[in-house]
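Subject: Structure handover

Hello,

I am passing this structure on to you, with notes on what was found in it. Please look at it first and then read on.

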Amino acid sequence: MLAAARAALGPAEIPAEGIGADAAVRQFTELLTCYGLDLSNPRAAAHLQPPPLAVAAAGDAVVGALNPSLDTYDSGPSAIAVERWVVEALARLAGLPGDADGVFTPGGSLSNLMGLLLARDRAGARRGVDVRQDGLAALGQPVVLTGELAHFSVRRACAALGLGERCVRPVALDARRRMRPDALAAALADLNRNETPIAVVATAGGTDFGAIDPLPEIASLTEAFSIWLHVDAAYGFGVLFSPRLTATLEGLDGLGRADSLALDLHKLGWQPAPASVLLTADPAPFATLEREVSYLNPADDTAAGFTGLLGRSLQTTRRADAVKVATTLLAVGGRELGHMVEHCHRLAQYAQTRIQARPALRLIGPAELTTVVFRYQPTGTDQADVDALNARLRRRLLRSGSALIGRTEVTEADGRSSVCLKLTFVNPTATESDVDQLLDAVCAAAVQECA
Ligand SMILES: Cc1ncc(COP(=O)(O)O)c(C=O)c1O
């Protein structure tokens, strides 16, 4: 598909004369639809990449046309108001304190990075080190504690922030792949005087298994040790739209005790990407990002109330992604968003039971949120062959266009790593019959691969 799309584009040359708006828009619409993904197809179940709501896309188009920016008052005052409104509403939903703050970012990875940046500079200040001015040299050995299956962006953020990936100390998980509070307590007690704890990063909704770390117990530990708690709720935050799921899924009730949390509404929020937010319990940590720039936010303008959001972000010009979210929240309302999350959760549970009912399939991870991890594993087949078979059958489905499913690698209890398949349910129009067809397609592809 990629090669075909590239070929359809022709030579990479800017034409001297344009072909006109209608023709160009038609050409790229056709290119993206013919050689790309149709996320509205219920057989697209690979990633946390939902079909966006039309109303969200409409809100986004308005932003594209008007092009406000959030950095300064005079580049988008109304868009600033919208972002503040959405941040306040989301902070309330998360149960954060009344003076919580936040900012939109270009994705969950960047929200995690921002959370760790604020945590790093706060940890420095506690040690009398002004990281912003002096760098990391005087910080001692930084330590970031996080579950063994934390999103890879946490490690990459540590590298980007100069902390080094070696600062990440993985904390053991329980049988449901949630961070073990006893293991965290032991790791915290083990910290020595030369080590500077930067943050504990908990996860509310792991990418593969949807596991929710026990946030209340973790928050009690970070509070006792005065360590920043960042929660990566990029995936799990959407559950909060459903009071029923919020009450039944364990662990989430500590979310409001986080110092910072990452949430993505381009996952369980049905927004076109990006729609990610970093929330903080209070505005003070953002001071590390504040800058006074004569051509953007001179002090007398700020004093006169002409304030922008330059000090909330590493970006200067910043797109108003909050507008599509606000449009959606207003148009659809929280209750319906909650029903959509519940539907996806039910589909994952249904898939789990259907996988368990098929002898050739083995359930690897139960449906905690909206994913289910499994593999094609007929009895008596060699492990290496099964790994290769699962990898091949997924590519076969991808190549044929009949189904788009996820792939991951899972370390099992005996320490062996195996190639697994994953279904990610984020399409609220998909049905149980679609789930059956997806599993039929998986089994048929495996049989064809073995033929
Ligand atoms: C738990 C978790 N955190 C962070 C991310 C990164 O989000 P993004 O792809 O928006 O950078 C993901 C992506 O799937 C995720 O599942």
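How many bridges join strand β11 to strand β12? There are six, between residues 404-411 of β11 and residues 417-424 of β12, and the two strands run antiparallel. Within this pair, Val 410 stands opposite Ser 418.

Some ground rules before the rest. This is a predicted model, in which local features need pLDDT of at least 70 and side-chain atom pairs count only at pLDDT 80 or more, while totals for chains, interfaces and linings use all residues. Residues are numbered from 1 along each chain as its sequence is written, and side-chain values use heavy atoms, with hydrogens and water left out. Helices (H or I, at least four residues) and strands (E, at least two) are DSSP runs numbered from the N terminus. Two strands pair if DSSP finds at least two bridges between them.

The five-stranded sheet

Strands β11 and β12 belong to an open sheet of five strands with the order β1-β11-β12-β10-β9 and mixed pairing. Its edge strands, each pairing on one side only, are β1 (44-45) and β9 (361-365). Helix α13 (residues 383-400) lies across β10 (371-376), β11 and β12, at about 30° to β12. Helix α14 (residues 432-450) also packs on this sheet, where it touches β1, β9, β10, β11 and β12, and its direction makes about 25° with that of β10. Contact here means heavy atoms within 4.5 Å. Axes are lines fitted to C-alpha atoms, for helices over the stretch in contact, and angles run from 0 to 180 degrees between N-to-C directions.

The seven-stranded sheet

A second open sheet has seven strands in the order β2-β8-β7-β6-β5-β3-β4, again with mixed pairing. On average, neighbouring strands are turned by 20° against each other, direction ignored. Strands β6 (residues 229-233) and β7 (residues 260-264) run parallel and are joined by four bridges; Val 231 stands opposite Leu 261 in β7. Helix α5 (residues 108-126) packs on this sheet and touches β2, β3 (141-147), β5 (195-203), β6, β7 and β8 (276-280), with its direction at about 150° to that of β5.

The ligand

Which element gives the largest share of the shell around the ligand? It is α5, with three residues. In total, 13 residues surround the ligand, and Gly 108, Ser 109, Thr 207, Asp 232 and His 266 are the closest; a residue counts if one of its heavy atoms lies within 4 Å. The shell divides into two nonpolar, eight polar and three charged residues.

A polar side-chain atom of Thr 207 lies 2.7 Å from a ligand oxygen atom. For Lys 267, a side-chain N or O atom is 3.0 Å from an oxygen atom of the ligand, and for Asp 264 the value is 3.1 Å. The protein covers 82% of the 390 Å² of accessible area that the ligand has on its own, by the Shrake-Rupley method with a 1.4 Å probe.

Two backbone details

Ala 273 and Pro 274 are joined by a cis peptide bond, with omega about -5°; Pro 274 lies in the loop between β7 and β8. Asn 67, in the loop between α3 (54-66) and α4 (77-94), has a phi near 55°, a positive value in a residue other than glycine.

Regards

Definitions and conventions. Polar contact = N/O pair within 3.5 Å; in protein donor to acceptor, adjacent residues only side chain to side chain. Nonpolar A, V, L, I, M, F, W, Y, C, P; charged D, E, K, R; others polar.
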